[in-house]
Amino acid sequence: MLDKKVVELLNQQVNKEFYSAYLYLDFSNFYYDEGLEGFGNWYKIQAQEERDHAMLFIQYLQNNGEKVTLEAIDKPAVTLESAKAVLAEGLKHEQYVTSLIHNIYDAAYSVKDFRTMQFLDWFVKEQGEEETNAEGLVKKFELFGDDPKSLYMLDNELGARVYSAPSLVL
Ligand SMILES: [Fe+2]
């Protein structure tokens, strides 16, 4: 049996991960509308990854005999102002998700729940990578976004991203 507070936070995280998927799908749709199909592809795959994260939290709760409660997923709460602004919102969102993961880790740590801490280790690392990727996109857009030829090449680069299943198997 897991600690009640830890279970509550893990359950909330299921919803947060699905929200992330929803948010990134919104980003993806925005970029497709703008004609930036590579960026659209990149965020569509990002949305798939977020769904995978939600499924991992569900699986972890179930592996520990805990009930999963699905709550309503909020409407994406970000105004999509420009191709550049969306990337900054993406970075901000990843930093927020990192704080959520750290918060669950903190709760697990305080009750010596080593099993949950070990499960969360993968997400701690993953969030580091997500922040690096999001920062990289912001920087690249700052450098190349104003030049149509460079933006075309950057869009092509992001269009080459392919989905791969998460490395964490439960
Ligand atoms: Fe995630």
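Where is K112 found? In this predicted model, in which residues are numbered from 1 along each chain as its sequence is written, local features need a pLDDT of at least 70 and side-chain atom pairs count only at pLDDT 80 or more, while totals for chains, interfaces and linings use all residues. Side-chain values use heavy atoms, with hydrogens and water left out.

K112 is found in the loop between α3 and α4, where helices (H or I, at least four residues) and strands (E, at least two) are DSSP runs that are numbered from the N terminus. Although K112 is not a glycine, it has a positive phi of about 55 degrees. K112 counts as exposed because its relative accessibility is 61%; on this scale, buried means under 20% relative accessible area, exposed means over 50%, and partly exposed lies in between, with a 1.4 Å probe and protein chains only.

M117 has its place in helix α4, which covers residues 114–144. With a relative accessible area of 11%, M117 is buried. Leaving aside neighbours within four places in sequence, M117 is in contact (heavy atoms within 4.5 Å) with Y105, A108 and Y109. M117 and W42 are 75 residues apart in sequence, and their C-alpha atoms are 30 Å apart in space.

An iron ion has as its protein donors E17 (OE), E50 (OE) and H53 (ND1), which lie 2.1 to 2.2 Å from the ion. Donors are here N, O and S atoms within 2.8 Å of the metal (3.2 Å for Na, K and Ca), and sites may look incomplete because water is not among the atoms. Along the sequence, the spacing of the donor residues is E-x32-E-x2-H. E17 lies in helix α1 and H53 in helix α2 (residues 37–63), so this pair ties together parts that are 36 residues apart in sequence. E17 is buried, with a relative accessible area of 1%, and H53 also counts as buried, at 2% relative accessibility.

Helix α1, which spans residues 4–34, also holds L23. L23 counts as buried because its relative accessibility is 1%. When residues up to four places away in sequence are not counted, L23 touches P76, V78 and H93. From C-alpha to C-alpha, L23 and A77 are 7.8 Å apart in space, although 54 residues separate them in sequence.

Two packed helices are described by the angle between their axes and the distance between the axes. Axes are lines fitted to C-alpha atoms, for helices over the stretch in contact, and the angles run from 0 to 180 degrees between N-to-C directions. The axes of α2 and helix α3 (residues 83–110) come within 14 Å of each other and cross at roughly 15 degrees. That angle makes α2 roughly parallel to α3, given that angles under 35 degrees count as roughly parallel, over 145 as roughly antiparallel, 65 to 115 as roughly perpendicular and the rest as oblique. The contact between these helices is made by F39, Y43, Q46, E50 and F57 of α2 together with L87, G90, E94, I101 and I104 of α3. By class, the contact of α2 with α3 has six nonpolar, two polar and two charged residues, where Ala, Val, Leu, Ile, Met, Phe, Trp, Tyr, Cys and Pro count as nonpolar, Asp, Glu, Lys and Arg as charged, and the others, Gly among them, as polar.

Helix α2 also packs with helix α5 (residues 148–159), and the axes of this pair come within 7 Å and cross at roughly 30 degrees. That crossing angle makes α2 roughly parallel to α5. The residues in contact are E37, G38, F39, N41 and W42 of α2 and L151, L154, D155, L158 and G159 of α5, and they divide into five nonpolar, three polar and two charged.

N41 touches Y32, L158, G159, A160 and R161, residues up to four places away in sequence not being counted. L158, which lies in helix α5, is buried with a relative accessible area of 6%. With residues up to four places away in sequence again not counted, L158 touches G38, F39, N41, W42 and L137. The C-alpha atoms of L158 and G38 are separated by 4.7 Å, while the two residues are 120 residues apart along the chain.
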